[in-house]
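Colleague: I would be grateful for a close look at the aromatic rings in this model. Please describe how they pair and what surrounds them.

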Amino acid sequence: MTIAHTLGALSVMAGALLAAQAAQAQDNTFINPDWANSAWYLGAGVGQSRATIDEPRLRASLAANGESVTGFSKDQRDTGYKLFAGRQLNQYFAVEGGYFDLGKFDFKSTTSGNGVLNGQAAFRGVNLDLLGQLPLSQRLSLLGRVGMHYTKTNTEFSGNRLLGSTNTHASERKLNAKLGLGLEYKFSEALALRGEVERYRLNDAVGNRGDADLYSVSLVYKLGRPASATPAYQPAPDVAPVVAMPAPVIVAAPAPVPVAEKVSFASEALFDFDQSTLKPQGKAALDQLLGQLTGMDLEVIVTVGHTDAVGSDAYNQKLSQRRAEAVKAYLVAQGVETSRVYTEGKGETQPVADNTSAAGRAKNRRVTVEVVGTRKVLR
């Protein structure tokens, strides 16, 4: 595959993924962390590959054959690409397999007596890696990988100084190790961008052993995104104390009854991933809550934001406060007096479940709305 074809294919893929993502944003697709931590995904990357040509060894070999090197040039860089698929095992680990092409690396040498020796090595193969992901925030993660690759190496020589070898073309297949480090930024739970450097241990088919590095940028897309769901509203029961009345001749007028309601919404029901702007489904859920307050003399509403333990304490504190403020802004826009609505962000300080499991983290990402007022009792 030529460089132009490789870049063209990646451009088409990037355009398709971004278009799909825009369509999902318009549909307000429901965000599901449990799905994201167990999904299959596809990806493609392109970048620069670098290898080291052993110039001292080649010069020494020519000198051993009575040649004096008069010129030596080498090209140790090329364009490399990779295509891969993987499965997310959990939030921290994934298994990934793929195909890669590191390109071609060559040298040209001239010797005394009009001697010429040229060489070229090309590397391509398949790999299987274990990928580790350490979240630095809800969007940014540090990547580390370790794995094995099975690579075919083609080495070709030309010229009139072939060091006594009649084999101008050598090919070898070898299993070797590879390592990598990088960063991943999530545009959403479905689409991410990676920047990585990977080191491949290689054999050049003529007895030499060395390393090649690939510096790449990749797009990753997770498959099978679940359908959106409208959040269910489940208000707490009214607190209606029974007032003992004497047996008077004249029936007293109904007295207002204190009412306190506290509702907890999952953050994913109100907001998109890592956002503090209310989704249409979230607005509908808050409208249901406001509908329950008809006929109530409202005293105060308290909105409190909570997060899970992923990301820094400072970041989670700010996110929880922004989400509580977003709920207040919507309630005020619907006619609630701003002086009666109070907000607070608790960050990750008040978990209601274990943060080591996906189900527990989902329970901890929440916004609670507590309403206090009085309501007349009909008799």
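Modeller: Ring pairs join F72, F107 and F157 into a cluster. Two rings of Phe, Tyr or Trp (its six-membered ring) are taken as a pair if their centres lie within 6.5 Å; planes under 30 degrees apart are stacked, over 60 edge-to-face, and the rest tilted. This rule gives 6 aromatic pairs. One of the pairs is formed by F105 and F123, which are tilted, at 6.0 Å centre to centre with 45° between the planes. F105 belongs to strand β4 (residues 93-111) and F123 to strand β5 (residues 115-135), so this pair ties together parts 18 residues apart in sequence. Strands here are DSSP runs of E with at least two residues, and helices are runs of H or I with at least four, numbered from the N terminus.

The model is predicted: local features need pLDDT of at least 70 and side-chain atom pairs pLDDT 80 or more, whereas totals for chains, interfaces and linings use all residues. Residues are numbered from 1 along each chain as its sequence is written, and side-chain values use heavy atoms, without hydrogens or water.
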